[in-house]
Amino acid sequence: MKTELKSICVIGLGYIGLPTASLLGTKGYNVTGVDVSSDVVETINQGHIHIIEPDLDLLVKSAVNAGNLKASLEPCKADIFIIAVPTPFKDEYVPDLTYVRQATKTIAPLIEKGNLVILESTSPVGTTNMVADILEEHGHNTVDDVFVAHCPERVLPGRILIELVQNDRIVGGINKASTAVAADFYKEFVSGEVLETSAKTAELSKLTENSFRDVNIAFANELSLICDKEHIDVWELISLANRHPRVDILNPGPGVGGHCIAVDLWFMIHRNPEHSKLIRSAREVNDAKPEWVINKVKEKAERFKLPVIACLGIAFKADVDDLRESPAVAITKKLIKENVGKIIVCEPNIKKHKDFDLCSFDEAIDKADIILVLVDHQPFKSLSATKLSEKIVIDTRGIIK
Ligand code: SAJ
């Protein structure tokens, strides 16, 4: 059954909201994207973007030029409301649902009978029901009149536009009618399967996916510490172990960053501390890795008076400009703070940074006594050990052949 719902209001124009809003705009929906930043609103209305993501600029331009995407500081009436706001944590890793609450309260006066409200933000179990409760407090009847569902975003930064369409989606409503209406909407533009469940299962499913990845990365990071002690190349070890048909280990690195994995697991741990020992342990292993890298650099720096240390990459992962929760930023800042050497930074995906002077890749390689590879950005992969024979290299990503 194809729904007749056609106007959409997306709250939050970040890494999920903007790609979603522009995709829907190019599919013929009438989309209003809402953000609290006037700079973001202005940029989008000019057909430009404020984040780096392959092909997003073209999509936004095309949706704006077609008149199907308009950015605004204020929400408006719509058939479908999509909440895509941040869900960070506060001190002590307590989930911070302020933005979800605020977003729900601002759309509440605009909602009409038959509207669908979708929460896409990654959320602790129970948040979708919280959204429904807020709507009830504003006089809406979420049993019969307004549909409320969770459909967690699952896209990988760097592949967002592909995965928005191709990934299977999990849709969980607060009741069967909400699940069905929300699932029908996603079936209109998703080529992957749309899987129906309850709101709570959808919430926990998203947290489970990111926990699975974090635990696997923690295993790889733990192996990297063991290998370092044993003088074994961890990359060779993992590639050999992965030749077993039922082994598939991920890659060690300088730590786990980004606004998702490094945050979401705490939503699970916070609600069920006594039953999430493995998950907590994985978080702790991954959170300890930056300090281990810093100590490695200090060890190597000892032989110099004040070495030039080139930090290659400060993004949280390869080929993105996103610095949120980036272990590379934390490492670089601490090396500067502790005066371990003269720190130079090369980050090809951003133009400037308030704390670091950025230099070109060639300049970084040329000037450095110690080369610290923190991110496996594509341009860095041209580095080869033979070209760097006079330098000390600490390669946290295993890119140098
Ligand atoms: N990392 C490693 N080793 C690896 C893989 C990743 O150290 O083998 C590090 C990365 O460098 C980065 C961090 O982990 O610092 C996270 O990167 P990522 O590529 O694993 O994941 P995100 O945070 O970009 O996106 C994840 C994805 N979740 C899963 O793959 C299960 C994505 O599908 C989610 O939509 C996203 O979280 C989200 O928004 O929750």
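Is the crossing of H10 and H11 left-handed or right-handed? In this predicted model, the crossing of these two helices is left-handed. Helix H10 spans residues 261-271 and helix H11 spans residues 277-301, and their axes come within 10 Å and cross at roughly 150 degrees. Since angles over 145 degrees count as roughly antiparallel, H10 and H11 are therefore roughly antiparallel to each other. On the H10 side, the contact is made by Ile261, Ala262, Leu265, Trp266, Met268 and Ile269. H11 contributes Ile279, Arg280, Arg283 and Asp287 to this contact. Sorted by class, the residues joining H10 with H11 are seven nonpolar and three charged, with no polar ones.

Helix H1, residues 17-26, packs with H3 at an angle of about 50 degrees, and the two axes are 8 Å apart. That angle makes H1 oblique to H3. Here, too, the handedness can be stated: the crossing of H1 and H3 is left-handed. From H1, the residues making the contact are Leu18, Pro19, Ser22, Leu23, Gly25 and Thr26. They meet Leu56, Leu59, Val60, Ser62 and Ala63 of H3. By class, the contact of H1 with H3 comprises seven nonpolar and four polar residues, and no charged residue takes part.

Turning to the ligand, 21 residues are found around it, and Glu153, Lys206, Arg213, Asn251 and Phe316 come nearest. A polar backbone atom of Arg154 is 2.8 Å from an oxygen atom of the ligand. For Val155, a polar backbone atom is likewise placed 2.8 Å from a ligand oxygen atom. Asn251, one of the residues that come nearest to the ligand, has a polar backbone atom 2.7 Å from a nitrogen atom of the ligand.

Asp55 is a residue other than glycine, yet its phi is positive, near 70 degrees. Asp55 sits in the loop between helix H2 (38-45) and helix H3 (56-65). H3 is also the helix that packs with H1. Asp319 is not a glycine either, and its phi is positive at about 60 degrees. The loop that holds Asp319 runs between strand S9 (308-312) and helix H12 (327-337).

Technical notes
Residues numbered from 1 in each chain as written. Predicted model: local features only at pLDDT ≥ 70, side-chain atom pairs only at ≥ 80, totals over all residues. Heavy atoms only, no water. Axes fitted to C-alpha atoms, helices over the stretch in contact; angles between N-to-C directions. Helix = DSSP H or I, 4+ residues; strand = E, 2+ residues; numbered from the N terminus. Parallel < 35°, antiparallel > 145°, perpendicular 65-115°, else oblique. Left-handed = near helix turned anticlockwise from the far one by under 90°. Contact = heavy atoms within 4.5 Å. Nonpolar A, V, L, I, M, F, W, Y, C, P; charged D, E, K, R; others polar. Near = heavy atom within 4 Å. Polar contact = N/O pair within 3.5 Å; in protein donor to acceptor, adjacent residues only side chain to side chain.
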